[in-house]
Amino acid sequence: MDFGKNLRYLRKKAGLKQRDLSAAFGVALSTVAMWETGKRLPEHDTLLRIAQFFHVSTDYLYGHSDSSASN
């Protein structure tokens, strides 16, 4: 699963730090770090919020689609 890699790519592309995502989603900094390293996945509602935040599809976040376009 490519969730962590894709999240890290989107975060860096947006010029954000892990602490920015932590604040935006109301989670601990360590949670964002675990998402990015693949040690943890976000809850479904948080996943949807992340997709909306970055204007991408959940399929893209999970690596099921090469297209980042949200539908």
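Reply: Arg 11 has its place in helix H1 (residues 3-13), where helices are DSSP runs of H or I with at least four residues, strands are runs of E with at least two, and both are numbered from the N terminus. Residues are numbered from 1 along each chain as its sequence is written. The model is predicted, so that local features need pLDDT of at least 70 and side-chain atom pairs count only at pLDDT 80 or more, while totals for chains, interfaces and linings use all residues, and side-chain values use heavy atoms, with hydrogens and water left out.

With a relative accessible area of 7%, Arg 11 is buried (under 20%; exposed is over 50% and partly exposed in between, with a 1.4 Å probe and protein chains only). Leaving aside residues up to four places away in sequence, Arg 11 touches Leu 16, Lys 17, Gln 18, Leu 21, Glu 36 and Phe 54, contact meaning heavy atoms within 4.5 Å.

Leu 21 and Phe 54 are also among the residues that join H2 to H4. The axes of helix H2 (residues 18-25) and helix H4 (residues 44-54) come within 11 Å and cross at roughly 120 degrees (axes are lines fitted to C-alpha atoms, for helices over the stretch in contact, and angles run from 0 to 180 degrees between N-to-C directions). The contact is formed by Leu 21, Ala 24 and Phe 25 from H2, together with Arg 49, Ile 50, Phe 53 and Phe 54 from H4.

As for confidence, the protein chain has a mean pLDDT of 92, and 90% of its residues reach 70 or more, pLDDT being the predictor's confidence in each residue, from 0 to 100.
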